[in-house]
Amino acid sequence: MRLNDLERAMLAGEMGAALRAAIEHQIGVGEFFGAADFVPVTQAHIMADTESLGVAGVEWLESLEGQVRIPTITDPRGTDFAKLELLKQPEAGVALERRAIESFRRLGVMLTDTCINYQTIQAPARGEHVAFGDTGVVIYANSVCGARSNYEGGPSAVAAGLTGRTPRYGFHLTENRRATLRARVDCQPQTLNEWGALGAVIGRLAGHYWAVPLVEGLESVPGSDALKHFGAAMASFGSIALYHLAGITPEAVRIADVGGDRLPVCKTVSRDDIAALQAGYAAEREVDVVVFSAPQLSLYELRELAALCDGRRFVKPLLAVTSPQIKPDADRFGLTRKIEEAGGHVLAGMCFYQSYAREIAEANGWKRLATNSAKLVNILGGYGYVPLLASMERCVEAAQTGRLP
């Protein structure tokens, strides 16, 4: 890789051992992917939960010295310390969380603990190069914002925070951002679970990280929450990091802008396709727990949930997970109170599937989990759950009756 004077100084150890180790790691990544050089980045976002880090990852963080050079923030951590009694997580995991938090603080990382930083902290601008880790964050930044990021592994995101750059490969390059397949939609999803299901269908169709779907035929512009669920599910089901919506997302004002005019329509996605995806997660009706998470809930989602909870009393646990930035507003507006008066719980700063979900299930006797997140149902089967995908309204009814209507 070509290095500039600053990068050569880092590699020579002139700026400390931490920066030398960071750029050595980045050179290894860059050479693996054939990067010619580095590109400066303005923000970094790190996967921060200890279920991902493990003991070795936390020990590695503890060994690092120095401070990050650019604004660097964290993805959801592995717990909400205010809800430990409810979650019943393993004590060793909670202790590891505290060690990780202290390590990030020492490095100057801002503990934002969110996977919706584009709704809460600062959305990147079109063309801005960033080093983001969470799949839902990357696909939203690339597709909706028009920013440029690959999926950065944990050590790579930390390294980017320390050096202020990342290898120039993948979706940092214009040629890799052109559409590789073209799909048409002949229906307009209405609910967030339907938007997630549509994203899942297209993710399965595309099928690999370097695929860039172009989707046409949507009747109106979806809002931020719809795009959040759409992209998060597409990334989960297909490892997709970038998509284009014809006439909607910034790089695809015209189909020809991303090369879509040269591609045949490979699939027309119908309402039956969306229904079939959801039917694959409807094996049972009895419910042990209801979870709204992955991605964390926006203030508008919490407002909708609070309205649905008003006047109800739950017989099954209902967990609503949001960001630490939104939780104070939810408290201030009385949304938290309405949800918790019904018997629900509002948690902040964590993500359900990154929070020792298998151990939580065993400790609480949870097996059948209802959610409106297509991303979450795709993941939780691997943790021993029977995941059920339904609308927010139906999930709330399930918490009240113990059964999906």
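This is a predicted model: local features need pLDDT of at least 70, side-chain atom pairs count only at pLDDT 80 or more; totals for chains, interfaces and linings use all residues.
Trainee: Is A294 buried or exposed?

Mentor: A294 is likewise found in strand 9, and its phi is near 60°, a positive value in a residue other than glycine. Its relative accessibility is 1%. Since buried means under 20%, A294 counts as buried.

Trainee: Where does K88 lie, given its positive phi?

Mentor: K88 is not a glycine, yet its phi is positive, at about 60°. Helix 4 covers 84-87 and helix 5 covers 91-107. K88 lies in the loop between helix 4 and helix 5.

Trainee: How does K88 count in terms of accessibility?

Mentor: The relative accessibility of K88 is 44%. Buried requires a value under 20% and exposed one over 50%, with partly exposed in between. K88 therefore counts as partly exposed.

Trainee: Which residue has a side chain joined to that of T50 by a polar contact?

Mentor: T50 is found in helix 3, residues 50-63, and at 2% relative accessibility it counts as buried. Leaving aside neighbours within four places in sequence, T50 is in contact with V58, G93, L96, E97, A100 and Y356. A polar contact of 2.7 Å joins the side chain of T50 to that of Y356.

Notes. Residues are numbered from 1 along each chain as its sequence is written. Side-chain values use heavy atoms; hydrogens and water are left out. Helices (H or I, at least four residues) and strands (E, at least two) are DSSP runs, numbered from the N terminus. Buried means under 20% relative accessible area, exposed over 50%, partly exposed in between (1.4 Å probe, protein chains only). A polar contact is a pair of N or O atoms within 3.5 Å; within protein, one must be able to donate a hydrogen and the other to accept it, and residues adjacent in sequence count only if both atoms are side-chain atoms. Contact means heavy atoms within 4.5 Å.
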